[in-house]
Amino acid sequence: MLGSHTDLHIFDAGSVNGTRYCNEILLPYVRLFRGAMGLQFLFMDDNAPCHRTVAAEQLLESEDIERMDWPARSPDLSPIEHVWDFLGRRLAARTLPPVTIRELRLALQDEWAAMPQQLIDTLILSMGRLCETCLAVRGDHIPY
């Protein structure tokens with residue numbers, strides 16, 4: 001979000017299904033943000049299968065959380081995709097890249113904590129322009 005970010009949440013082993021998404025993301029993070037921000041809160045996720053389960057839909061509805069509409073073929077709109085790219089490049093640039101899961105977890109947490117907030121803010125503020133471009137190409141891929 002603008003101005004700050006939470007600690008990085010890393011899922012333990014296994015697939016992320018609708019139940020895990022609800023229990024590990026929606027309830028502990030999204031619900032709290034919604035409560036803190038009130039009616040101005042607009043939640044953005046994408047069309048990942050775990051985001052679109054009946055359980056996730058019902059939870060968001062029960063918490064009165066408004067979700068941003070998301071075009072089916074435009075994951076490039078999401079600022080988080082650029083954040084993941086940034087983290088990947090930072091990990092690849094390390095003198096000693098992580099070789100174990102534990103090292104990877106620690107390295108990701110370090111890089112996440114060191115990520116400039118200005119980068120996140122810039123990505124979020126670019127959403128309006130990206131959405132306008134997406135509308136102009138009728139939801140198709142947008143060039144950068």
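Biologist: Starting with Glu111, is that residue buried or exposed?
Modeller: Glu111 is buried, because its relative accessible area is 7% (buried is under 20%, exposed over 50% and partly exposed in between, with a 1.4 Å probe and protein chains only). Please keep in mind that this is a predicted model, in which local features need pLDDT of at least 70 and side-chain atom pairs count only at pLDDT 80 or more, while totals for chains, interfaces and linings use all residues. Residues are numbered from 1 along each chain as its sequence is written, and side-chain values use heavy atoms, leaving out hydrogens and water.

Biologist: Which helix does Glu111 lie in?
Modeller: Glu111 belongs to helix 4 (helices are DSSP runs of H or I with at least four residues, strands are runs of E with at least two, and numbering goes from the N terminus).

Biologist: And what does Glu111 touch?
Modeller: Leaving aside residues up to four places away in sequence, Glu111 touches Leu87, Arg90, Leu91 and Arg94, where contact means heavy atoms within 4.5 Å.

Biologist: How do helix 3 and helix 4 cross?
Modeller: Helix 3, residues 79-92, and helix 4, residues 101-114, have axes that come within 10 Å and cross at roughly 115 degrees (axes are lines fitted to C-alpha atoms over the stretch in contact, with angles from 0 to 180 degrees between N-to-C directions).

Biologist: Which residues make that contact?
Modeller: Helix 3 contributes Ile80, Val83, Trp84, Leu87, Arg90 and Leu91, while helix 4 brings in Leu104, Ala107, Leu108, Glu111 and Trp112. Sorted by class, the contact of helix 3 with helix 4 has nine nonpolar, no polar and two charged residues (Ala, Val, Leu, Ile, Met, Phe, Trp, Tyr, Cys and Pro are nonpolar, Asp, Glu, Lys and Arg charged, and the others, Gly among them, polar).

Biologist: Switching topic, at what angle do helix 1 and helix 2 pack?
Modeller: Helix 1, residues 18-37, packs against helix 2, residues 54-62, at an angle of about 25 degrees, and their axes are 10 Å apart. From helix 1 the contact takes in Tyr21, Cys22, Leu26 and Leu27, and from helix 2 it takes in Ala55, Ala56, Leu59 and Leu60. By class, the contact of helix 1 with helix 2 has eight nonpolar, no polar and no charged residues.

Biologist: How many aromatic pairs are there?
Modeller: Rings of Phe, Tyr and Trp (its six-membered ring) pair if their centres lie within 6.5 Å, with planes under 30 degrees apart stacked, over 60 edge-to-face and the rest tilted. By this rule there are two aromatic pairs. The pair of Phe41 and Phe43 is stacked, because their ring centres are 6.4 Å apart and their planes lie at 20 degrees.

Biologist: Are Phe41 and Phe43 buried or exposed?
Modeller: Phe41 is buried at a relative accessible area of 11%, and Phe43 also counts as buried, at 9% relative accessibility.
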